[in-house]
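I opened the model to look up a few local features and the overall layout. My notes follow in the order in which I checked things.

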Amino acid sequence: MINRERLTNTFMDLVKIDSVSKEEAQVSEMIEEILDTLGADIVIDNAGEKTGGNAGNLIARIKGNMDVAPLMLNAHMDTVEPGRGIRPVLEEGVFMSQGDTILGADDKSAIAIILEALTIIKENKLPCGPLEVVFTVCEEIGLKGAKHLDFNLITADYGFALDATDTRGVVTRAPSANRLEFLVHGKEAHAGAAPEKGINAIQVASRAIADLELGRIDEETTCNIGVIQGGLATNIIPNLVKIKGEVRSHNTEQLEKVTQNIVDAFERAAAEKGNKSGGSDLPSIDAHVEYDFTRTHIAEDHPVVALAAQAARNLGREMTCKTTGGGADANVFFQQGIVTGVLGTGMQNMHTINETVRLDDMVEAVELLLEILKLHAKGNRS
Ligand SMILES: [Zn+2]
């Protein structure tokens, strides 16, 4: 039933349309055209206004012909850079870019897979339960589309996102994350003429960072300082340094503890320097901690896992539960009470110019999704 040529063309057409985060309007239009032909009821929410982008999330409702609880499907429409002017090629069954851009299989392989499955259902008048298909914007810049999604439009209490690599896995565990930003304020002075008047913000920041434990903290927890910016010239004592970092953990207490340790290290470094500079209120620290996304833990006996596992078994395949270190829209859905397993599309080396996806893997993902939708239509979750 799967039309490999149509799947190839849909995928190629999708990746040829630029859709870097905040610029998803054009790709959204193409998806809407296809969904229209499938008789979907389409709403674009107002997330675009909130993210500052040119498009909102696209929510398509398919009534189906079976009276069962609705199922949500999700993929994101935006890509990272370099994602403009992508010219995809298909060589020996593998899609890739020309080597100067990403491919955009993250997450357009998922969009093509979902559209192919829905088209097959329509073409063959297959039994189908009610579906709520959510194509989000701005996933790559902090899950912003999902965070601003109008959840009143969604009634499903479980579903699947397609936004992972392994077509034989379902991601059931993802960490919580905090984003951290520190501004270290010092005091500007001429480094040669009046160094006594200055307080070096770079030195305070360095001391704080040098004391930190970074990388893998324990089995469930990682942390990183990823950005440092500051200073203007060698003859100016710098008065401002900006530092950005993150902490991720599958354990919420540990997330808070590691986050607090980092904040403390900055405060301590500033206080020590402050004492040496005669108790002035400089250097000082502005610490911003933003709760980025919350952890996802889906029990292995949850109906959504059972549904994916049964579908795989029906196809003679294994399905394993997976843990990821990354955040995805699924984390936001989970937080909103929509238990969302993440399925793979075959995409590899995402966020690099070496990104690829095999057509065979995409076909495998369509087969799995069709089987899931078939079981769902039967009201048979496991
Ligand atoms: Zn993605």
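Is His351 buried, partly exposed or exposed? I looked up its relative accessibility, which is 44%, so His351 counts as partly exposed. The classes I used are buried for under 20% relative accessible area, exposed for over 50%, and partly exposed in between, with a 1.4 Å probe and protein chains only.

Ground rules. I was working with a predicted model, in which local features need pLDDT of at least 70, side-chain atom pairs count only at pLDDT 80 or more, and totals for chains, interfaces and linings use all residues. Residues are numbered from 1 along each chain as its sequence is written, and side-chain values use heavy atoms, with hydrogens and water left out.

Overall layout. I noted 10 helices and 19 strands in the protein. Helices (H or I, at least four residues) and strands (E, at least two) are DSSP runs numbered from the N terminus. The C-alpha trace spans about 80 × 45 × 40 Å along its principal axes. Of the 382 residues, 52% are buried. I also looked at contacts (heavy atoms within 4.5 Å). Among those with a separation of 6 or more, 80% are between residues 24 or more positions apart.

His351 has a positive phi of about 65 degrees and is not a glycine. I found His351 in the loop between strand 18 (339-344) and strand 19 (356-358). Lys125 also has a positive phi, near 50 degrees, in a residue other than glycine. Lys125 sits in the loop between helix 4 and strand 6 (131-136). With a relative accessible area of 72%, Lys125 is exposed. I then checked the cis peptide bonds. One joins Glu81 and Pro82, with omega about -10 degrees, and Pro82 is in the loop between strand 3 and strand 4 (89-91). Another runs from Asp106 to Asp107, with omega near 15 degrees. Asp107 belongs to helix 4 (residues 105-123).

His76 in strand 3 (residues 71-76) and Asp163 in strand 7 (residues 158-164) are 87 residues apart, and the pair links distant parts of the chain. Both His76 and Asp163 are buried.

I traced an open sheet of five strands, in the order 11-12-14-9-15, with antiparallel pairing. Strand 11 (215-218) and strand 15 (284-293) are at the edges with a single partner strand each, so one side of each has no neighbour in the sheet. The twist from one strand to the next averages 20 degrees. Two strands pair if DSSP finds at least two bridges between them. Strand 9 (residues 176-185) and strand 14 (residues 240-249) pair in the antiparallel sense over 10 bridges. Leu180 has Gly245 of strand 14 as its bridge partner. Helix 6 (residues 201-210) packs on the sheet and touches strand 9, strand 12 (221-230) and strand 14. The direction of helix 6 makes about 20 degrees with that of strand 14. Axes are lines fitted to C-alpha atoms, for helices over the stretch in contact, and angles run from 0 to 180 degrees between N-to-C directions.

Ile298. I placed Ile298 in the loop between strand 16 (296-297) and helix 8 (303-314). Ile298 counts as buried because its relative accessibility is 6%. Leaving out residues up to four places away in sequence, its contacts include Thr172, Phe334 and Gly341.

How much space lies in the largest pocket? I noted about 950 Å³. On a 1 Å grid over the protein atoms alone, a pocket is an open set of points with protein on both sides within 12 Å along at least five of seven lines, and lining residues have an atom within 4 Å of a point. Grid points are joined across faces, edges and corners, and a volume is the space filled by probe spheres set on the points. The largest pocket is lined by 42 residues, and the closest to its centre are Leu143, Arg248, Phe293, Gly326 and Gly327. Strand 9 gives the most to this lining, with five residues.

Technical notes:
1 Å grid on protein atoms, 1.4 Å probe; cavity = no way out; pocket = protein on both sides within 12 Å on 5 of 7 lines; lining within 4 Å.
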